[in-house]
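Hi,

Here is the model we talked about. Please open it next to this email and follow along.

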Amino acid sequence: MRRHDEGTGKLAALLLSPTLLVLGLVVAFPIVSALRTSLYKPGGVDPETGFVNEGDVYVGLGNYTAIFSGDTADRFWNAFYNTTFFTITCVVLETVLGVAMALVMHKAFRGRGIVRASILVPWAIPTVVSALLWKWIFQADGVMNSVLGTQILWSTEGWQSVASVIIADTWKTAPFIGLLVLAGLQTIPAEVYEAAKVDGASPFQQFRMITLPLVKPALLVAVLFRMLDTLRIFDLPFVLVGPHKDSVETLSMLAYDEAFNTRYGPAAAYATLLFIYVAVVAFAFVKLLGADVVGDVAKPKKKKKSSGDAAPPGVGTAGLAGLSAGGM
């Protein structure tokens, strides 16, 4: 007899081939091309022979070793520090504000739709437009100085330029985390909170023992996406503060500056190092914190629990654990 799954693998490969082809064109090809470009440098006068080399010259890992030597190393480590600092600071602030926004949007009150729309407006604005708006706010005669009653030059070197980027980025993308956390909050059954109230759990205990554990998957995915996005930050500091500012220069801005000056080999080397940095951070985040970015896989069936241990309808195991820790 013919097997039921005969030909299923060929059909699956045929159906997936367009997607794999697109992924190869938009992901694999640029990565391979960047790696190849990073092994070359622009031609010029050869110091050994004195002849002019036309076209690119193969230097192997020379572009990578040049990054970690001399003044170039100082610039690279400064950009690396700025990138890491912006990522940690912005993601922490955005997470706190995003969770607070989600809790506000989840409450039932009159005008909730207007509040939700107004909170999501900053995230809907393009980053370049948002940077221009904040640039006008941070001008010498702008709104920020008028509110503070000072004359701070926000676009110059120093802490003020760093603060302006953090404020603008937090305002822009905190609603993104709030939106994903709100989706997680709406999946929590109301019966869980009602049971916690009956057990005498305070609002803080309900938040710590029920809300946070149950929205953890959505929160971790939101934080992961924001970390990967902030590690590649470019347009906001570039438009808001400007290029060639040591206090806000990131790895993406450094790679852009090299490419703008037609040094495509070093630019590709910077981009490759940034790619490796982002990949390592993503791998470590998923492994250490267990962020589920692809969904749950099929798991073997477990034995049914006795009726006394069964969870009530709509309440999962995490909900029971939260109730137990919260007030029982």
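Below are the notes on the chain, from the overall picture down to single residues.

This is a predicted model: local features need pLDDT of at least 70, side-chain atom pairs count only at pLDDT 80 or more, and totals for chains, interfaces and linings use all residues. Residues are numbered from 1 along each chain as its sequence is written, and side-chain values use heavy atoms, with hydrogens and water left out.

**Overall**

The chain holds 13 helices and two strands. Both kinds of element are DSSP runs, numbered from the N terminus: helices are H or I with at least four residues, strands are E with at least two. Of the 328 residues, 34% count as buried. Buried means under 20% relative accessible area, exposed means over 50%, and partly exposed is in between (1.4 Å probe, protein chains only). The chain exposes about 20000 Å², and carbon and sulfur atoms supply 68% of that area. Areas come from the Shrake-Rupley method with a 1.4 Å probe; for residues, only the protein chains shown count as cover. Take the contacts in the chain with a separation of 6 or more: residues 24 or more positions apart account for 69% of them. Contact here means heavy atoms within 4.5 Å.

**Nonpolar patch**

Look at helix 1 (residues 8-37), where Leu21 is found. Leu21 is exposed, at 55% relative accessible area. Leu21 belongs to a nonpolar surface patch of about 760 Å², together with Leu16, Leu20, Val22, Leu23, Leu25, Val26 and Val27. Patch residues have over 30% relative accessible area and no salt bridge; like charges are joined within 9 Å, nonpolar side chains (Val, Leu, Ile, Met, Phe, Trp, Tyr) within 5 Å. A salt bridge is a side-chain nitrogen of Lys or Arg within 4 Å of a carboxyl oxygen of Asp or Glu.

**Tyr40**

Tyr40 lies in strand 1 (residues 40-41). Tyr40 is partly exposed, at 23% relative accessibility. Its C-alpha atom is 5.4 Å from that of Val59, 19 residues apart along the chain. Leaving aside neighbours within four places in sequence, Tyr40 touches Asp56, Val57, Tyr58, Val59, Asn63 and Gly265.

**Aromatic pairs**

The count is 19 aromatic pairs. Rings of Phe, Tyr and Trp (its six-membered ring) pair if their centres lie within 6.5 Å; planes under 30 degrees apart are stacked, over 60 edge-to-face, the rest tilted. Tyr81 and Phe85 are a stacked pair, 6.0 Å centre to centre with 20 degrees between the planes. Both lie in helix 3 (residues 70-106), four residues apart, about one turn of the helix. Tyr81 is exposed at 52%, whereas Phe85 is partly exposed at 33%. Phe234 and Phe238 are stacked too, at 5.1 Å and 25 degrees. Phe234 is partly exposed at 24% relative accessible area, and Phe238 is partly exposed at 24%. Ring pairs also link Phe68, Phe76, Trp77, Phe80, Tyr270 and Tyr277 into a cluster.

**Asn145**

Asn145 sits in helix 6 (residues 143-148). Asn145 counts as buried, because its relative accessibility is 3%. Its side chain makes a polar contact of 3.1 Å with the side chain of Trp154. A polar contact is a pair of N or O atoms within 3.5 Å; within protein, one must be able to donate a hydrogen and the other to accept it, and residues adjacent in sequence count only if both atoms are side-chain atoms. Beyond neighbours within four places in sequence, Asn145 is in contact with Gln139, Ala140, Thr150, Gln151, Ile152 and Trp154.

Best wishes
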